[in-house]
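Hi,

Here is the structure I promised to pass on. Have a look at it first, and then read my notes below.

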Amino acid sequence: MPNLAFVTITVLVPSEAGLTALAGIDNVHAVRYRPGQPLPADGAKATVLVPGFLSTGEVLALLDDLPELEYVQLLSAGAERWVGKLPEHMLLSICRGAHGGSTAEWVVGALLYLYREFGGFADLHRAHHWDQHSTDTLQGKRVLIVGAGDLGEQLTRRLLPFDATATLVGRHAREGVHGIDELPELLGEFDAVVLMVPLTTETTGLVDAAFLARMADGAVLVNAARGPVVDTDALVTELNSGRLLAALDVTDPEPLPANHPLWTAKGLFLTPHVGGSCRGSEDRAWRIAAAEIARFAEGKQPRNLVDGDY
C-alpha cells in the first residue's frame, strides 16, 4: 500500500459520532456524508469511507463518485454484505473486537434463560401461579464454540466463571483449537453448540440436518453468527420433535415473517438480531474504527483486513 505518512487523508463518516471519534488524529480530515444525498464538496476526494452500521446499498452507490477511494472501514464484525462488491484493489476492514463482549453476554444469557426456565417462570408470574420446581443449570455444561476468533475467546472467558467448560473449533486446528473438519466427531459430546462464525461460502448451510442429528439428545444449538449458517427447515423439524433446544439471535430469513414456523417452534429462545446492540456499542465500534484509520493514515495496514477467504 502507498506510504501515506504526513499526507492528510479525507475520511467520509456517516454520523457526528464519527467526526468526534476521528477528531485529533494526525493526518485525518473527517467529513460527514448522508447516503442518498449529494456528497459534500470536500468529500469527493475521500480515501476512506465508513458506512453506517449494517448499511450497504445506498453506500455502494457512492463508489462511482469516489475515484480516489482506497479503503472501506466497517462498524460491524461481519463483512458478508460487502465481500465481492468492492473493486479488487480496495481494502476492507471489519470492526473485530467491538461487539464480541456483548454478543458473548447474550449467549450466556440465552443459555441461562433456557437452562433455568426463565421463560416458563415469567409465564407463571403473569398467570399468578406459584410452581416451585428444580431446573437445569449452566454449571458443568460442556460448550462447543464453533468460531475461534474474538467472539469465541470472549465467550470462553464468560463461561468459565459459571463452571462450564468451553472447547473451541476454528477453520484450522492449532494449539487449543480443533479444526472444523473434526466437527462430526465432536458434536455428540457437548451439551451446547454455539455458532460464532462469519457468513462465508464455507459456513453457509454448515448446520444442516446431518449436523443437527449428530448433536446429543437435549443439547442446545445457539446461533450468534448469521441466519444462513443454519438450515432453518432442518432446525424447525428437530425443535418440534422435542429432541433439541435452540437460542437464535439471527434467522434465515431475516427479519422473520410473522407466519414463519420458527415463531411457534418448541424449545426456542428467539431475539431479533440484538446480540451486539446495547449501550456503548457505537462508541466501542468507533474506537476500533478510529484505530484502524489512524494506522492507515500512518501508511500501515489496518489490523482487521478481510482476506479473500472470508
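Before the first finding, you need one definition: a patch here is made of residues with over 30% relative accessible area and no salt bridge, and like charges are joined within 9 Å. Please also keep in mind that this is a predicted model.

With that in hand, there is a negative surface patch, formed by Asp208, Asp231, Asp233, Asp252 and Glu254. Take Asp208 as an example: it sits in the loop between strand S9 (192–195) and helix H7 (209–214). Asp208 has a relative accessibility of 31%, so it counts as partly exposed.

Now for the inside. The largest nonpolar core has 32 residues, and Val193, Leu195, Val207, Phe211, Met215 and Leu221 are those with the most contacts inside it. At least two residues of this core come from each of strand S6 (142–146), helix H6 (183–186), S9, H7, helix H8 (232–241) and strand S11 (245–248). H8 gives the largest share, with 4 residues.

Next, the salt bridges. The structure holds 9 of them, and these are some you can look up:

- Glu16 and Arg32 meet through their side chains at 3.2 Å, N to O. Glu16 is in helix H1 (residues 16–22) and Arg32 in strand S2 (residues 28–32), so this pair links distant parts of the chain, 16 residues apart. Glu16 is partly exposed at 47% relative accessibility, and Arg32 is partly exposed as well, at 23%.

- Arg226 and Glu80 form a salt bridge at 2.6 Å, N to O. This pair also links distant parts of the chain, 146 residues apart: Arg226 is in the loop between strand S10 (220–223) and H8, while Glu80 is in the loop between strand S4 (71–73) and strand S5 (91–93). Arg226 is buried, with a relative accessible area of 16%, whereas Glu80 is partly exposed at 23%.

- Arg142 and Asp191 meet at 3.1 Å, N to O. Arg142 lies in strand S6 and Asp191 in the loop between H6 and S9, so the pair ties together parts that are 49 residues apart in sequence. Arg142 counts as partly exposed, at 39% relative accessibility.

Finally, have a look at Asp217, Glu238 and Arg243, which are linked in a network of salt bridges.

Cheers

How values were computed
Residues numbered from 1 in each chain as written. Predicted model: local features only at pLDDT ≥ 70, side-chain atom pairs only at ≥ 80, totals over all residues. Heavy atoms only, no water. Patch = residues over 30% accessible without salt bridge, like charges linked within 9 Å, V, L, I, M, F, W, Y side chains within 5 Å. Areas by Shrake-Rupley, 256 points an atom, 1.4 Å probe, with all protein chains shown as cover. Salt bridge = Lys/Arg side-chain N within 4 Å of Asp/Glu carboxyl O. Lys, Arg positive; Asp, Glu negative; His and termini not counted. Charge placed at Lys NZ, Arg CZ, Asp CG, Glu CD. Buried < 20%, exposed > 50% of the residue type's maximum accessible area, 1.4 Å probe, protein only. Core = buried A, V, L, I, M, F, W, Y, C linked by side-chain atoms within 4.5 Å.
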